[in-house]
Amino acid sequence: MVSRVYLGVHYASDTVVGATLGILCAFLMMSIYYKFYEKKNTLIICVYAISLIALFFNPTADTLKTMGMGLGGIAGFMLENKFVKFTTETTWKKKATRLCIGVSTLLLVRSVFKLILPSMEEGAIFYTTNKTLYYWGGFFRYMIMGLYGTFIYPAIFKKFNF
């Protein structure tokens, strides 16, 4: 929030209203999620399907990245619930270690796929000036990140009893 105001992109009131709306939406979604917990997969798919509307009104690189992360996260969430059943019940030290390793490896996954999927950045293996390829490269990179964060990383930690 501070950086947005500091950079002159938003007023302080913009960031406060945005944060407040974000927190309210999070609480609303949590209450809906717990109310319909038994049908959580259907609920999550419906939320994703509704959010596809944003793609039609705002087809940008960031929208596709968000949709990719959502799709990967949903698929990973469902796979993890069915096959892994990862638990977070452990000591705070183990949780902190998991968090550090998870974030570090997620950033590594992001960097690797940023190099090998279509990108408009100099030095990328698959450099392109084609915006469509660039947009879809971002979609798949973030989809892989969503899948990694919700399924692959918990599966690895569970396999190694960590």
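A search of the whole structure finds 1 salt bridge (a side-chain nitrogen of Lys or Arg within 4 Å of a carboxyl oxygen of Asp or Glu). This is a predicted model, where local features need pLDDT of at least 70 and side-chain atom pairs count only at pLDDT 80 or more, while totals for chains, interfaces and linings use all residues. Residues are numbered from 1 along each chain as its sequence is written, and side-chain values use heavy atoms, with hydrogens and water left out.

**Stop 1: the salt bridge.** Select Glu121 and Lys114. Their closest N and O atoms are 3.0 Å apart. Glu121 is partly exposed, because its relative accessibility is 40%. Lys114 is also partly exposed, at 21%. Here buried means under 20% relative accessible area, exposed means over 50%, and partly exposed lies in between (1.4 Å probe, protein chains only).

**Stop 2: the whole chain.** Zoom out and colour by secondary structure. The protein chain has 6 helices and 0 strands. Helices are DSSP runs of H or I with at least four residues, strands are runs of E with at least two, and both are numbered from the N terminus. The C-alpha trace spans about 45 × 40 × 35 Å along its principal axes. Of the 162 residues, 23% count as buried.

**Stop 3: helix H6.** Select residues 131-159. How far apart are the end C-alpha atoms of H6? They are 40 Å apart, which agrees with the 42 Å that its 29 residues should span at 1.5 Å a residue. That expected span is 1.5 Å times one less than the number of residues. Now centre on Tyr148. H6 bends there by about 50°, the angle between axes fitted to the seven residues ending at that point and the seven starting there.

**Stop 4: the buried residues of H6.** Show side chains. The buried residues include Gly137, Phe139, Tyr142, Met145, Tyr148, Phe151 and Phe157. What do the buried residues of H6 pack against? Their partners are H3, helix H4 (61-84) and helix H5 (92-116); contact means heavy atoms within 4.5 Å.

**Stop 5: a surface patch.** Select Ile23, Phe27, Met30, Tyr34 and Tyr37. Together they form a nonpolar patch on the surface, with about 560 Å² of accessible area. Patch residues have over 30% relative accessible area and no salt bridge; like charges are joined within 9 Å, nonpolar side chains (Val, Leu, Ile, Met, Phe, Trp, Tyr) within 5 Å. Areas come from the Shrake-Rupley method with a 1.4 Å probe, and for residues only the protein chains shown count as cover. End on Tyr37. Tyr37 sits in the loop between helix H2 (12-35) and helix H3 (40-57). With a relative accessible area of 36%, Tyr37 is partly exposed.
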